[in-house]
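This report concerns the strand pairing, the helix contacts and the nonpolar cores of one protein model. Please keep the sequence and the structure in view while reading.

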Amino acid sequence: MSLKRVVVTGLGALTPIGNNIGEYWQGLSNGKSGCAPITYFDTEKFKTKFACEVKNYNPTDYFDRKEARKLDKFAQYAIVSSEEAIQDAAIDLEKVDKFRVGVIWGAGIGGIETFQQEVIGYANGDGTPRFNPFFIPKMIADIAPGHISIRNGFMGPNYTTVSACASSANAMIDALNYIRLGHCDIIITGGSEAAVTIAGMGGFNAMHALSTRNESPETASRPFDATRDGFVLGEGGGALILEEYEHAKARGAKIYAEVVGGGMSSDAYHMTAPHPDGIGVERVMLNCLRDAGVQPEQVDAINTHGTSTPLGDVAELKAITNVFGKHAPNININSTKSMTGHLLGAAGAIEAIASILAMQNSLVPPTINHATVDETIDPSLNLTLNKAQKRDITYAMSNTFGFGGHNACVLFKKLNE
């Protein structure tokens with residue numbers, strides 16, 4: 001059977017550097033850091049005292065107080081970003097076949113703040129199990145797409161993908177395939193996370209995964225820099241409307257880009273560390289290119305996973321060199337995590353959006369905070385350091401990798417029609 005074409009017709013974002021798509025792109029193109037001291041709780045005894053929080057966010061701007069109390073922040077972020085994307089795509093809820101509209105969402109953790117609050121409440125009590133009746137539905141990771149479908153009446157496939165930091169990229173790939181195979185006309189996809197909590201920060205600190213550059217939070221996320229010392233935790237949500245091409249054309253939808261391929265692989269190596277030779281990362285990019293029917297030399301830009309960890313950055317760049325060979329120096333390579341921090345399960349979504357906006361605007365956002373050359377990194381690679389670079393982009397790749405060795409890669413094409 002011939003596969004149907006899939007395009008992106010709507011975008012939504014709630015991020016540490018902008019609370020909608022326009023603000024997010026402005027932050028990206030200007031090289032804005034979203035990192036600052038944590039405001040959510042007292043960090044005096046924590047090794048890391050900063051994160052990339054969503055700024056100026058008030059739940060009651062989007063939900064009434066009663067509804068907000070029933071939603072963990074990760075679900076709020078999902079609803080807010082998806083509503084922006086649905087409006088951006090101009091989907092007529094009265095005309096669309098809701099049985100052919102699905103929601104496939106990514107979340108690596110889900111309602112960790114809700115879990116934390118309920119456990120603390122029990123521990124501080126007299127042993128009587130007085131739990132909030134919304135405890136479980138607020139916490140479970142699949143509740144985010146559930147709420148999106150309930151609010152809009154979408155009755156197609158509805159679930160959450162959980163693969164740590166690759167979660168929302170996996171969600172996009174599943175959405176791509178459901179539409180390509182003719183099962184759906186439209187799928188709302190993306191991811192959200194809200195792990196800047198006592199438990200989230202404490203847990204990642206215990207793993208020695210986070211930067212501890214407390215004296216200069218705004219420069220702490222520094223992918224590819226020789227002095228990088230760990231990632232910066234971020235939060236937020238990103239949503240994309242994926243739609244079958246002919247369906248989008250028939251309703252006169254604007255089209256941001258075509259989704260031409262997706263790849264997945266496993267490192268099969270270590271619980272948290274990447275394979276030092278980048279074998280799984282190499283394979284996921286090859287799988288993505290093969291799925292898209294695109295040659296390596298056609299790729300113009302890669303938004304890397306680029307978390308600012310000593311091992312991960314080197315392994316990914318080594319894999320890029322192996323896959324793209326002589327063409328690698330011609331690619332604009334960047335890491336938008338230098339600005340947004342690491343949104344865990346939402347990373348793939350907001351970074352895919354960054355890749356699409358880069359194509360739309362012929363501008364590659366920078367990898368900020370680079371000051372010291374890492375001698376172990378190939379100096380011929382263009383890492384788009386510190387300043388955005390003008391570039392006409394036809395094919396843009398977005399990489400995401402997660403604890404457990406989960407790798408996912410999505411390839412977008414600029415539609416010239």
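The model is predicted: local features need pLDDT of at least 70, side-chain atom pairs count only at pLDDT 80 or more, and totals for chains, interfaces and linings use all residues. Residues are numbered from 1 along each chain as its sequence is written, and side-chain values use heavy atoms, with hydrogens and water left out.

**Strand pairing**

Helices (H or I, at least four residues) and strands (E, at least two) are DSSP runs numbered from the N terminus. Two strands pair if DSSP finds at least two bridges between them. The table lists pairs of strands with their bridges.

| Strands | Bridges | Sense | Residues standing opposite |
|---|---|---|---|
| Strand 1 and strand 7 | 8 bridges | antiparallel | Val 8 and Leu 242 |
| Strand 8 and strand 14 | 8 bridges | antiparallel | Gly 263 and Cys 409 |
| Strand 1 and strand 8 | 2 bridges | antiparallel | Val 7 and Glu 258 |

The buried residues are Ile 143, Ala 144, Pro 145, Gly 146, Ile 148, Ser 149 and Asn 152. They pack against several elements, including helix 3 (73-88), strand 4 (101-106) and strand 6 (186-193). Gly 153 follows helix 6 and has a positive phi, near 80°.

Helix 7 (residues 167-180) and helix 13 (residues 347-361) have axes that come within 5 Å and cross at roughly 65°. Axes are lines fitted to C-alpha atoms, for helices over the stretch in contact, and angles run from 0 to 180 degrees between N-to-C directions. Helix 7 and helix 13 are therefore roughly perpendicular to each other, a class that covers 65 to 115 degrees. In this contact (heavy atoms within 4.5 Å), Ser 168, Ala 169 and Met 172 of helix 7 meet Ala 347, Gly 348, Ala 349 and Ala 352 of helix 13. The residues divide into 5 nonpolar, 2 polar and no charged.

**Nonpolar cores**

A nonpolar core is a set of buried Ala, Val, Leu, Ile, Met, Phe, Trp, Tyr and Cys residues joined through side-chain atoms within 4.5 Å. The largest core has 46 residues, of which Val 8, Leu 11, Tyr 24, Leu 240 and Leu 242 touch the most other members. Elements giving two or more residues to this core include strand 1, helix 7, strand 7 and strand 14. Helix 13 supplies the largest share, 9 residues.

Which residues does Leu 240 contact, leaving aside its neighbours within four places in sequence? Among them are Val 8, Leu 11, Met 172, Ile 187, Ala 349, Ala 352, Ile 353 and Ile 356. A second, separate core of 31 residues includes Ala 85, Val 96, Trp 105 and Ala 144.

Key. Angles under 35 degrees count as roughly parallel, over 145 as roughly antiparallel, 65 to 115 as roughly perpendicular and the rest as oblique. Ala, Val, Leu, Ile, Met, Phe, Trp, Tyr, Cys and Pro count as nonpolar, Asp, Glu, Lys and Arg as charged, and the others, Gly among them, as polar. Buried means under 20% relative accessible area, exposed over 50%, partly exposed in between (1.4 Å probe, protein chains only).
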